[in-house]
Amino acid sequence: MNNYNPPKPVQKQQDSPIADLSYRNYNGELKTRGLRWWVISWTMMKLLKKNVGFWITSALVFLIYFLNGVQLYFTSNMPAGMNPFGGDEKTKYTLTFFQVNSGTNLLLFIIALTVGSGAISADNKANALLVYLSKPLTKADYLLGKWMVIFFTLFLETFVPSLVLYLYCLTSYLDKGFLKNDPMLFFKMIAAACVPAVMHASLLVGASAWSKAPRIASVFYASLYFGSLVVTGMVFGIVYRGDLERGQEVLKLSLSGMMDGIQQIIYHVTIKNPMATLAIPSPSLIVPLAIGLCVAGIAAARAKINAVEVVKG
Amino acid sequence: MAIAVISNLVVHYGTKTAVNDLSVEVPEGCTGLLGPNGAGKTTLLKTLLGFLVPTSGSGQVFGLNTRTDGLKIRQKIGMMPEMDCHIPGMNAVSFVSYAGELAGMPASDALQRAHEVLEYCGLGEARYRNVETYSTGMKQRIKLAQALVHGPKLIFLDEPTNGLDPAGRDEMLALVRNISASREVNVLVSSHLLPDIERTCDNVIVMRSGKVVRQGSMQDLRQTSGVQVEVEMYIETPPFVQELERQGVTMLNQTANLYRFGFPDDTQNAGKIIFESAKRVGGQVRGFKPATRSLEDIFLEAIE
C-alpha cells in the first residue's frame, strides 16, 4: 500500500495575484497649489518636535512668563510704595507685558537659530532644492513655507505664554482695572509677538539661503545679532558716555534693540528705572530700518533659491 | 505621438552656449538621451522642467509651453536628479509621502502611495530608516521613488545607475524597464552609459555640443546599410577573406575568428556565397547572421 503523499509544490509569491509587483501609477486626486507652502511649514514644524534643544529653550520662555505672573501676584498685594511699578496702576499690566517680551528676546533669538538656521541651508547641503522645485512649486511657495516655519514658531513662542498671562490677569485683576487701563492690550500683545517673529524669520531665511550648512548660517546670524549690539554699544559709550536718556536711540539700532524699541512703541510705555527714564523711541528711524532689513533678508533668500546652480560667464 | 517637442532651442550659460538651435521630438515610451559630457543632456532636461529660461526657441511637454506652464508641466513630470538629494531629518516614508504632498496629493493618499512606491523600488524593509543613513544604491532608489510618488506621466532619469554595483545596476535597469513597460509612464533616461540605454530604451537621441546628431528608434538605428553579415569561422582564415574579396565582398571588421562582411547592395543570397567560398578554401563556418549595429557603433558614428 502506498502511503506516500508528495508535498504540494510551494507556490511562488509572484504567481499569486495579490502579490502583483508590476508598476501601477497613481491616478487619484491632485490638489491645486494654493496651500503648498503650508505643507512645507507644517512638515518642518513636525520635524521640530524631535528637537530637544527647542523644547528646553521653549520651557525657559514659559518659565520667564510664569515668574512674571508670580511677580505680578506679589506686587498686587504690596503697598504702593514698595512695588516696583511705583504704584502706577495705569501702566502696570502693559509694562509687565512689555518687560516680559523684552526679557525673552534673547531666548527667542536662540529658538530662531534652532529653527531657522537650517531652514534653507540644510536643503542646500542635501540638494533638497532639486526635490522641492522639481515638484509643482514656485520659489515663492518654497520661500513662504520656510519663512512661515520660523515665523509661526517664534510667534507662538511669544503669543501662547502671553495669552496664558493675559488670561491670568483677566481672571485675577479685572476688578483692579486690568481691562479698563489698557483695553487694547490684547491686540498690542499680538502685534508685539509678531515683531521678533517677522524680523528673525526674514533675516534668517536670507542668512540660511546663502549658507551651505546650518552651522555657517548660525554663526553668520549670531555675528550679525551680537555684532550690531557691540557696535551700537560702542557708539553709545563713546558718543553719549553712558547717558541712557540721550543715547537710547543709538542702542535701538542694533537688531535686538530694534525689536525692543518697536515693542515699546507698540505697548506705548515709558520705562522708569533708578538710572533713567526711557521715553518711547521715535518710530521714524527704527521702523523703516527694520522693514528694510526684513525686505533685504527675503530678497537675498529669493535671489539664492534656485533648483540648479546658475552659471554665469 | 510626441510627448515633448523642442524647436530651435538655444540656451546660454553667460557667454557659453550650452544648447544651440536644438530641435527634437521625444516620442512616447522609453527614450535614451545619449551624449558625451557637456553635450547638453542635463541642460535639455532642466529646460523642459522650466529651471532654465532659454535664450530663444520654444518647447512643449504634453502640449504645455515650457516658458509659461512650468507648474503644470512639473505636475505631470517626475525628476530623478543625478546628484544625491533628500530632505534632511526624514525617514524614507516621510520623505516620499512629503514629496507626494508637495505635488498636490492628499496626505492620506501620499502616505499610502509612499509605502507602495517604496515597496516597488525595493526599499520596503528600509522604509523607516533615515535617508541620510542609506547606501548609494538605496539613495538612487529613493530618488526614483520620490519621482514616481505622484503618478507622473513622464519621468526624467538623470544617470540612474551612477555609483551602483553590477547587481544594483541590473536591478535599477529592470525597474526602469518595468516602469516604461507599464505604458502609463514615459521615461526619458539621460546617460553616457551605452549599455544602460541599450537595455532600457526603445528610442535614442544622441547629442553632441548642444545639438541632436542622431535620433530614431533603436530598431531603425541598428539596421545596417546594404547587406552586412557577421560570420564566425572555426579559426582565423585569411584565404576565406581573400576569396570573398575577389567576389566583390568587403571585410568591414574582424575580431579573431569573427568577421563582418559588406556585400554589394544587389546581393540576393549572401549565405550561398559564404558557404561556397569557405568550401573552396577549406574553411569551416561555425555560424553566420545578418549584422546589426551596436549602440556603440551608432554613438561613435554620431559623435565623430
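1. Among contacts in chain B (heavy atoms within 4.5 Å) between residues at least 6 apart in sequence, 67% join residues at least 24 apart. This is a predicted model, in which local features need pLDDT of at least 70, side-chain atom pairs count only at pLDDT 80 or more, and totals for chains, interfaces and linings use all residues; side-chain values use heavy atoms, with hydrogens and water left out. Residues are numbered from 1 along each chain as its sequence is written, while chains are lettered from A and ligands numbered from 1 in the order in which they are written.

2. Confidence. The model scores ipTM 0.83 and pTM 0.84. For chain B the mean pLDDT (the predictor's confidence in each residue, from 0 to 100) is 88, and 99% of the residues reach 70 or more. Among the elements of chain B, the lowest mean pLDDT, 73, belongs to helix 11 (residues 295-303), and the highest, 95, to helix 3 (residues 92-102).

3. Chain B overall. Chain B has 11 helices and 14 strands; helices (H or I, at least four residues) and strands (E, at least two) are DSSP runs, numbered from the N terminus. The C-alpha trace of chain B spans about 75 × 45 × 35 Å along its principal axes. Of the 304 residues in chain B, 51% are buried, where buried means under 20% relative accessible area, exposed over 50%, and partly exposed in between (1.4 Å probe, protein chains only). The accessible surface of chain B comes to about 13200 Å², with 48% of it belonging to carbon and sulfur atoms; areas come from the Shrake-Rupley method with a 1.4 Å probe, and for residues only the protein chains shown count as cover.

4. Helix 3 of chain B. This helix is largely enclosed by the rest of the structure, because 10 of its 11 residues are buried. The buried residues include B:Phe95, B:Tyr98, B:Glu101 and B:Leu102. Their cover includes helix 1 and helix 6 of chain A, together with helix 4 (107-120) and helix 5 (136-148) of chain B.

5. Helix 1 of chain A. The 13 residues of helix 1 (residues 36-48) of chain A should span 18 Å at 1.5 Å a residue, and the end C-alpha atoms are 19 Å apart, which agrees; the expected span is 1.5 Å times one less than the number of residues. Among the buried residues of this helix are A:Arg36, A:Trp37, A:Met44 and A:Leu48. The buried residues pack against helix 2, helix 4 (105-116), helix 6 (128-133) and helix 7 (139-172) of chain A, and against helix 2 (70-75) and helix 3 of chain B.

6. Surface patch on chain A. A:Val52, A:Ile56, A:Leu60, A:Leu63, A:Phe66 and A:Leu67 form a nonpolar patch on the surface, with about 590 Å² of accessible area together. Patches are made of residues with over 30% relative accessible area and no salt bridge, with like charges joined within 9 Å and nonpolar side chains (Val, Leu, Ile, Met, Phe, Trp, Tyr) within 5 Å. A salt bridge is a side-chain nitrogen of Lys or Arg within 4 Å of a carboxyl oxygen of Asp or Glu. One member, A:Leu63, lies in helix 2 (residues 52-76) of chain A and counts as partly exposed, at 42% relative accessibility.

7. A:Met189, in helix 9 (residues 185-209) of chain A, is buried at 0% relative accessibility. Leaving aside neighbours within four places in sequence, A:Met189 is in contact with A:Phe97, A:Phe159, A:Ser162, A:Leu163, A:Tyr166 and A:Tyr267. A:Thr232, in helix 10 (residues 214-240) of chain A, is buried at 9% relative accessibility. Not counting residues up to four places away in sequence, A:Thr232 touches A:Val250, A:Leu251, A:Leu253 and A:Ser254.

8. A:Asn306. This residue lies in the segment after helix 13 (283-304) of chain A and is partly exposed, with a relative accessible area of 27%. A:Asn306 and A:Leu130 are 176 residues apart in sequence, yet their C-alpha atoms are 8.3 Å apart in space.

9. Backbone angles to check. Most residues other than glycine have a negative phi. A:His268, not a glycine, has a positive phi of about 55 degrees; this residue sits in the loop between helix 12 (255-267) and strand 1 (271-272) of chain A and is exposed, at 57% relative accessibility. B:Phe62, also not a glycine, has a positive phi of about 50 degrees. The place of B:Phe62 is the loop between strand 4 (56-61) and strand 5 (64-65) of chain B, where at 25% relative accessibility B:Phe62 counts as partly exposed.
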